[in-house]
Amino acid sequence: MKTYAYGFPRLGEDREFKKTVEGFWKGELSEIDARAAIQSLQDGMVAAYEKTVDFFPSGEITLYDQMLDTAVKAGVHRPGSLQEYYDHCRGKNALEMTKWFNTNYHYLVTDFSTTPLKFSPEGASPVLLQRTTASGLPFFIGPFTFLKLSKGLTKSGFAAALRDLAAVYRELLRNCPAAHVEEPAFVLDLTAAEVRLIRQAYRVMAESGCKIHLITYYGTVDFYKELCGLPVAAVGLDFVQGPENRKNLIKHGFPKDKTLIAGLVSGRNVWRTDVTKAVALLRQITKAAPSAVVSNAAPLYHLPITLQCEDKLEPQLKQALSFAKEKLDEIRLIAGVYDGRGAAPALPKLTIGINGAVRRKVKALKPSDFTKKITAVRRKKIHREILGLPAFPTTTIGSFPQTAEVRKMRAEARTGRITQEHYRDFVRSKIRELIALQESWGLDVLVHGEFERTDMVEFFAEKLDGIDTTAKGWIISYGTRTYRPPIIFGDVSRPAPMTVDEIAYAQSLTRKPVKGMLTGPVTIIAWSFVREDIPLRDVAYQIALALRAEIRDYEKQGIRIVQVDEPAIREKAPVKRRDWPAYFDWAVKSFRLTANTDPKTQIHTHMCYSEFGEIVDQIGKMDFDVISIETCRSRGDIIRSFEKIRFNRQIGLGVWDIHSPAVPGMEQMREVVGRALRVIPKENFWINPDCGLKTRDWPETTASLKNLVALANELRRR
């Protein structure tokens, strides 16, 4: 039994990728040194594969984003230098960014409404890293996935673009004896016309003579028979998140002239694979596809690199986990057990994290727990009287720049080099400074800055029971942005207030309202690795009950505005639309359960970098009072969604792309606001940045927020 793996994390065990790219941006590394360092990371990825599996791709490494690289290979974007390449990632010419399927990975979106629809293999500029290893199959994002996840194409334009792009791929593949081509978009809800276009495109690509290893993942491919008929050498199917793939395989069989790359090891979650079950499934698979090979079921870059550095995890929990390197070992182990070389190890059983009281609370929930007694319209009048805010109120999303000093003090508090009292005093000093700054800028609703928080999920995970965190379990969210997903292993509860001290202290310093800041249950789930032994719905309700208790403690301290961030609510939605009703039922209810407190408390939520226009009806059911949404990189496209519905809540559309160091000018901000006010009543309109300011520097933050407040004052005068 042969083995196949793909998607190994590019980050490096010490986050070398992040440090290299950001070092180049800061001028600390030359282009030659940066390229050499990234090439070294690619060599390490290949070495990990060569040590463990038989087949794998090479050239998976990217300078920032594989979808941007695909656009460059196809001649859509033509950066003449590494600096020009990064100008598409950050800066004034930055491409829109959105979530990659239903994951917390982001990609850069090519917009063909603003980019010439012209392809050429000569566009594979020398800016990109060149594949230098003799082993491994050259890596490509497939042409259908690239175009399906781009924007600005009509139906007829899409068909013509795919035809032309397939011809470019034919030339790119011509010198490749074999290649690894990923088409995760094949698991989306596709039309019969799209399937015909796929068949036509792959017939053109097959003219290259390349043996294409076509990989799908994240779910079931509904056009299974047509997929098996494509002129490719191998087909990869996800048997973890796509259970219908097994049924289709058994029902329809598999071509004898093709290899089935059987995704049996999860690339999305950190729990150890049940090798006994995987081998049993493999025996079923090989009856229909004798040429099958064992693989992972999704890219491994959704996982941390290795468990070897995790010395502080609860021992029983650590025994139940498997990160990217350990997943490679599992792939090899499944193949060995299948071949009769050794026995399947028993899965460890977790006995920690059981909380009967929490389970009883969830079981006892009633419909009234999810519904406020006062409507949003009535609440709006109450809030106007209590808060007394001006027209076009200004605020920020929550976090402010986390300087080296802030990170250093946090690290020293964690390691015990300074006392908790010393650290608390330091955080309070930063809060005092920030409250004074916000008042001097003229912001209307203030925040405390989140200086004590490492990450908007990890921070809460450290304070909730039933969740553990890692020391070096970093993964990439986008580009060079990394985070450490917590691990939800047990029943979640709040042993003590988590954020009340900092928020109450900030409010004591000003007469202006200060927002309490919480991360919502869906986002905590989406940005964590989650237990699989109970329904996700129950996990969400457990977290919601903990957050609701926190809001009630805010209210006791006189906090009248609370923001419950849910940026992941769209990303967590299943890839199949037929599965949306069940998901949104519990996702919306978990938010309503969280926010079902005193109706005099104004509830805000924040969402960013997803196709929220697709779920605007579900968003409306969440029963918040104010929502802030990213609009800068999407050039305000989300506004179209609000043209189609009657949205009677208050809304803040971001006027500053905080993922770029560029300071937005007044004219740029006016453009977004002017377009929005054509469809959103001015009395419902707030002004804010796209997202939190944690990654920004103070000079650009100060300049941008002064412009933001100046715009609000201008609108009030007009």
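## Ring cluster

Tyr6, Trp100, Phe101, Tyr107, Tyr217 and Tyr218 are joined into a cluster by ring pairs. The model is a predicted one. Across the whole structure, the search gives 30 aromatic pairs. Two of the pairs are described below.

## Phe24 and Tyr86

A pair of aromatic rings is described by the distance of the centres and the angle of the planes. For Phe24 and Tyr86, the centres are 5.9 Å apart and the planes are at 45 degrees, a tilted arrangement. Phe24 belongs to helix H1 (residues 16-25) and Tyr86 to helix H4 (residues 82-87). Phe24 and Tyr86 are both buried.

## Phe186 and Tyr202

The planes of Phe186 and Tyr202 stand at 70 degrees, with 6.2 Å between ring centres; the pair is edge-to-face because planes over 60 degrees apart count as such. Phe186 is in the loop between strand S5 (178-182) and helix H7 (192-206), while Tyr202 is in helix H7, so the contact ties together parts 16 residues apart in sequence.

Buried or exposed, how does Phe186 count? Its relative accessibility is 0%, so Phe186 counts as buried. Tyr202, at 1% relative accessibility, also counts as buried.

## Charges over rings

Two arginines sit over tryptophan rings. The charged end of Arg15 is 3.7 Å from the centre of the Trp474 ring and sits over that ring. Arg90 lies over the face of Trp25, with 4.0 Å to the ring centre.

Methods: Residues are numbered from 1 along each chain as its sequence is written. This is a predicted model: local features need pLDDT of at least 70, side-chain atom pairs count only at pLDDT 80 or more; totals for chains, interfaces and linings use all residues. Side-chain values use heavy atoms; hydrogens and water are left out. Rings of Phe, Tyr and Trp (its six-membered ring) pair if their centres lie within 6.5 Å; planes under 30 degrees apart count as stacked, over 60 as edge-to-face and the rest as tilted. Helices (H or I, at least four residues) and strands (E, at least two) are DSSP runs, numbered from the N terminus. Buried means under 20% relative accessible area, exposed over 50%, partly exposed in between (1.4 Å probe, protein chains only). A charge sits over a ring if NZ of Lys or CZ of Arg is within 6 Å of the ring centre and within 35 degrees of the ring normal.
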